[in-house]
Amino acid sequence: MFMRTNNNCSGNIDVSPATNARSGGWALTEAMFAIGIGISFLVALMGIFVSSSISFAGVGNYINMDRRSRNALDRMTLNIRKAKVLTTFAPAALVFTYDSAGTTNLAYRYDASAGVVTEEWTVSGGTTTNTLLTGCDSFAFSLYDRDLAATTDVSAGQGKVISIAWHCYGTALSRTNSEYMQQAKVVIRNQP
């Protein structure tokens with residue numbers, strides 16, 4: 001407690017308690033209120049950080065799926081257009097003879113149990129396998145003739161256009177994202 005001194009005219013010194021009860025600092029209620037506001041701010045900041053992280057991971061996952069799909073489609077389109085003859089057709093596999101001598105073959109295969117699409121090059125008996133897509137829950141080849149009528153015939157003059165369709169998914173931060181179905185039609189230019 002503070003004491004105030006006054007010199008009055010009579011020469012006596014007046015010593016009395018200070019009339020101002022607050023001498024500075026915070027009261028307990030003000031401190032608790034400030035701590036509550038601070039904690040609320042930090043909780044809101046953490047919520048924004050977590051939701052932003054999840055959103056950015058999801059967007060990154062979509063970008064990676066799109067990049068892989070475009071790369072796979074570009075490679076398949078380029079190689080199918082250059083192939084000489086389609087020798088085997090199935091909804092989950094294509095096999096091409098790639099050169100006139102028949103020593104180079106190209107195959108695309110879909111393994112439904114693993115969700116993987118592979119590209120297999122066979123050159124003079126040696127096979128090299130590249131994985132084009134992962135996380136595919138559906139994938140199918142379709143074959144069309146010159147008039148775009150569906151066919152399964154790979155004999156000469158048949159099977160000129162190949163349709164490719166797939167649907168893939170990816171996981172980021174234990175959340176699964178899926179892309180829209182990708183689809184394209186590719187003309188086998190060298191097919192008779």
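The questions and answers below look at charged pairs and a surface patch in this predicted model.

Visitor: How many salt bridges does a search of the whole structure find?

Guide: In general, side chains of opposite charge can pair when their charged atoms come close. Here the cut-off is a side-chain nitrogen of Lys or Arg within 4 Å of a carboxyl oxygen of Asp or Glu. With the whole structure searched, the number of salt bridges found is 3.

Visitor: How many residues apart in helix H1 are Asp66 and Arg70, whose side chains meet in a salt bridge?

Guide: The side chains of Asp66 and Arg70 meet with an N to O distance of 2.9 Å. Asp66 is partly exposed, at a relative accessible area of 30%, while Arg70 is exposed, at 55%. The two are separated by about one helical turn, because their spacing in helix H1 is 4 residues.

Visitor: Which residue meets Arg75 in a salt bridge, and is that partner buried or exposed?

Guide: Arg75 has a side chain that meets the side chain of Glu119 at 2.5 Å, N to O. Arg75 lies in helix H1 and Glu119 in strand S6 (residues 116–123), so this pair ties together parts that are 44 residues apart in sequence. Arg75 is partly exposed, with a relative accessible area of 29%.

Visitor: Which strands hold the two residues of the salt bridge between Glu120 and Arg109?

Guide: The side chains of Glu120 and Arg109 meet at 3.0 Å, N to O, and the pair links distant parts of the chain, 11 residues apart. Glu120 counts as buried at 17% relative accessibility, whereas Arg109 counts as partly exposed at 34%. Glu120 is in strand S6, and Arg109, in residues 104–111, is in strand S5.

Visitor: What accessible area do the residues of the nonpolar surface patch have together?

Guide: The patch is formed by Leu28, Met32, Ile35, Ile39 and Val43. Leu28 is found in helix H1, which covers residues 28–82. Exposed means over 50% relative accessible area, so Leu28, at 65%, is exposed. Together, the five named residues of the patch have an accessible area of about 540 Å².

Methods
Residues are numbered from 1 along each chain as its sequence is written. This is a predicted model: local features need pLDDT of at least 70, side-chain atom pairs count only at pLDDT 80 or more; totals for chains, interfaces and linings use all residues. Side-chain values use heavy atoms; hydrogens and water are left out. Patches are made of residues with over 30% relative accessible area and no salt bridge: like charges are joined within 9 Å, nonpolar side chains (Val, Leu, Ile, Met, Phe, Trp, Tyr) within 5 Å. Accessible areas come from the Shrake-Rupley method with a 1.4 Å probe; for residues, only the protein chains shown count as cover. Buried means under 20% relative accessible area, exposed over 50%, partly exposed in between (1.4 Å probe, protein chains only).
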